[in-house]
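Please examine the structure shown below. The questions that follow concern the terms used to describe it.

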Amino acid sequence: ARSFYKETDDMNRKRNHIIVFLAGFLCLTWFDQWTKHLAAGALVGNGPIVVWDGVFEFLYSENRGAAFGILQGRQGFFFAVAIAVFGFVAYAMAKLPAKKRYVPMEVCLVMVMAGAAGNLIDRVFHGYVVDFLYFKLIDFPIFNVADCYVTVGTALLLVLFLWYYSDEEFDMLLRRRGEEA
């Protein structure tokens, strides 16, 4: 009987983690799309909105490539990458134990998936990604909120992999169900 209750409790925790993950994903994706909508409405046909003269401004751009303008016009490639990201994140979420220790990884995964989804939505509905954040001081390529999610989520995942989780904690991602360490 005790085993049944433990399994039920574990399933409930896992379900709750997935519900929170999906809610976070939807909120982050919505926020990305909302900022792009606001940027397009305010910037298309107008000049940039200067936030800090010579340093940062909102500048509308339509990016048909990837980061830094590479791979222009390769929409099929970007769809495939987004699907691969979704698959990896779904797999990782299914394998991760529903424990507080793994919440930082879940947060990073939701950021990466929301970023991929935000830019994929643009590609599907517009044929390009709306970019509008521009650091003029260093002439950094124009980017958007989804790009921030992917960059920050990936960087934090790297930090977690290198300094927070042990190799043994990642072994569970490779194990099949029912396999013991």
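Q: How do the axes of helix α3 and helix α4 come together in this predicted model?
A: The axes of helix α3 (residues 103-126) and helix α4 (residues 145-164) come within 8 Å and cross at roughly 150°. Axes are lines fitted to C-alpha atoms over the stretch in contact, with angles from 0 to 180 degrees between N-to-C directions. The model is predicted: local features need pLDDT of at least 70 and side-chain atom pairs 80 or more, while totals for chains, interfaces and linings use all residues. Residues are numbered from 1 along each chain, and side-chain values use heavy atoms, without hydrogens and water.

Q: Why are α3 and α4 called roughly antiparallel?
A: Angles over 145 degrees count as roughly antiparallel. The axes cross at roughly 150°, and α3 and α4 are therefore roughly antiparallel to each other.

Q: What is the handedness of the crossing of α3 and α4?
A: The crossing is left-handed, a term for a near helix turned anticlockwise from the far one by less than a right angle.

Q: Which residues of α3 and α4 meet?
A: Contact means heavy atoms within 4.5 Å. Among the residues that meet are M105, L109 and V112 in α3 and Y149, L156 and F161 in α4. The residues of this contact divide into 17 nonpolar, five polar and one charged.

Q: What share of the protein chain counts as buried?
A: Buried means under 20% relative accessible area, with a 1.4 Å probe; 35% of the 181 residues count as such.

Key
Helices (H or I, at least four residues) and strands (E, at least two) are DSSP runs, numbered from the N terminus. Angles under 35 degrees count as roughly parallel, over 145 as roughly antiparallel, 65 to 115 as roughly perpendicular and the rest as oblique. Ala, Val, Leu, Ile, Met, Phe, Trp, Tyr, Cys and Pro count as nonpolar, Asp, Glu, Lys and Arg as charged, and the others, Gly among them, as polar. Buried means under 20% relative accessible area, exposed over 50%, partly exposed in between (1.4 Å probe, protein chains only).
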